[in-house]
Amino acid sequence: MNGKLKIREIAAQTGLSISTVSRVLSGKSNTSEAAKQRVLASARQQGVLDEISTGRMLLNGLVVFAPQRAFDVRSDIFYYKVIQGIAQALEPHEVRLRYCCLEENDSDVSLFLQKMNEPATEAAMLIGIDDPYIHSLAADLGKPCILINCRDRKMRLPGIAPDHQTIGEFSANYLFEQGHRHVLHLLCLRRYTMELRLAGIREAYQAHNLPFNSDDTLLTAPSFGAADAELAVAQFLEHCPAEHRPTAILAGGDYMAVGAVNALLKAGLRVPQDISVMSMDGFNLAAIHDIPLTSVHVPRDELGEEAVRMLQRRLMQPNTPLGNLLLNGTLVARDSVRRIRTSQNQALVQKDGVYG
């Protein structure tokens, strides 16, 4: 224990033993909740928690709320890996980790309140839960709560998520830098996070003075699955004249990229010689049909780890300002995107100045 900690002063102020104070400040679980709260209140008053290493976790019980599919690696590997990241980050601590399924929207309020009001629940994490009423309840209950890949629009809860908008912009920019000007964006816009990626893609078009025409630039699929993506691309190719085909497809996920490649190969087109394919995901598949996949890795395992660190900071300093931490993606350039030459004479789309 750091010698600067005023253990004796806290013990005298709270009427508890030095060993009890030491156990609480070390993050041990073998103390009563009442004693723990008395020690923490005194420690905050004396500024002790500001000096404690964030390597300690001052709680014993945490509940993770997530959609049902998040607990099945075959249904949603992204959220499944986020949950694994949380569990691994908590391994060094004496924290009992429990799980509860909630729908993304129209969540079971009674179930949420039941789990949150249990004495064993000292904090919570919400993964991909968009229900604003659940967010309001979590804030009102007063227990530390971290949002992962969702946001509290009333700004009462802290959150962490991939920077979806910048990831979309970066991905489109990469294709432009490789010389592609006619790109088909294959997305599933089921959640606002994908809308953010689309907003970033539009920003990239604007920055490069290129028109964004939804009719031949945006192709939406009802899910992130390979089958739906393959059907959407196949239908697109069937109605698209050869001279108007895109030179690249930017898919919203690895399995969507699988569908795109399947459709291209069945149409007699080669990847990347005829049409390049790029993914905004990148952790699930390194190659498709032996074609190494160029992709932007969206942070996944890091989300769980950083959420635990954020929770630690909230426990140490609960009065610090609330905010949202956005994590960048990482480009992995492989062989599914080819570089092409472009004309040196590129016409500007925006003819008017900023002030008219």
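Contacts between residues 24 or more positions apart account for 71% of the contacts in the chain with a separation of 6 or more, where a contact means heavy atoms within 4.5 Å. The model is a predicted one, so local features are taken at pLDDT of at least 70 and side-chain atom pairs at pLDDT 80 or more, while totals for chains, interfaces and linings use all residues. Residues are numbered from 1 along each chain as its sequence is written, and side-chain values use heavy atoms, with hydrogens and water left out.

The chain has 12 helices and 14 strands; these are DSSP runs numbered from the N terminus, with at least four residues (H or I) for a helix and at least two (E) for a strand. Of the 356 residues in the chain, 50% are buried. Burial is judged by relative accessible area with a 1.4 Å probe and protein chains only: buried is under 20%, exposed is over 50%, and partly exposed lies in between.

Confidence comes next. The mean pLDDT of the chain is 87, and 86% of its residues reach 70 or more; pLDDT is the predictor's confidence in each residue, on a scale from 0 to 100. Over residues 344-356 the pLDDT is below 50, and this stretch has 11 contacts in the model beyond near neighbours in sequence. Residues 50-54 also have pLDDT under 50, with 8 contacts beyond four places in sequence.

The largest pocket has a volume of about 570 Å³. Pockets are found on a 1 Å grid over the protein atoms alone, as open sets of points where a 1.4 Å probe fits, with protein on both sides within 12 Å along at least five of seven lines; lining residues have an atom within 4 Å of a point. Grid points are joined across faces, edges and corners, and the volume is the space filled by probe spheres set on the points. Of the 26 residues that line the largest pocket, Asp-76, Phe-78, Arg-190, Phe-224 and Asp-281 are the closest to its centre. Helix H4 (77-90), H8 and H11 are the elements that give two or more residues to this lining. By residue class, the lining divides into 9 nonpolar, 9 polar and 8 charged residues; here Ala, Val, Leu, Ile, Met, Phe, Trp, Tyr, Cys and Pro count as nonpolar, Asp, Glu, Lys and Arg as charged, and the others, Gly among them, as polar. The largest pocket lies between domain 2 (61-157) and domain 3 (164-297), because both give residues to its lining; the domain bounds come from an automatic or database domain assignment.

Pro-222 sits in the loop between strand E7 (218-220) and helix H10 (226-239) and is exposed, at 60% relative accessible area. Not counting residues up to four places away in sequence, Pro-222 touches Cys-188, Arg-190 and Asp-228.

Helix H8 holds Leu-198, which is buried at 5% relative accessibility. Leaving aside neighbours within four places in sequence, Leu-198 is in contact with Leu-187, Leu-189, Phe-212 and Leu-218. Its C-alpha atom is 8.8 Å from that of His-164, 34 residues away along the chain. Phe-170, in helix H7 (residues 164-177), is partly exposed at 40% relative accessibility. Apart from neighbours within four places in sequence, Phe-170 is in contact with Val-296 and Leu-331, and its C-alpha atom lies 9.9 Å from that of Met-280, 110 residues away in sequence.

A few backbone details round out the picture. Most residues other than glycine have a negative phi, and most peptide bonds are trans. Asn-149 has a positive phi of about 55 degrees; this residue lies in the loop between strand E4 (145-148) and strand E5 (159-162) and is buried, at 5% relative accessible area. Asn-209 likewise has a positive phi, near 55 degrees, and is placed in the loop between helix H8 (192-207) and helix H9 (214-217). Val-271 and Pro-272 are joined by a cis peptide bond with omega of about 5 degrees, and Pro-272 belongs to the loop between helix H11 (254-266) and strand E9 (276-279).
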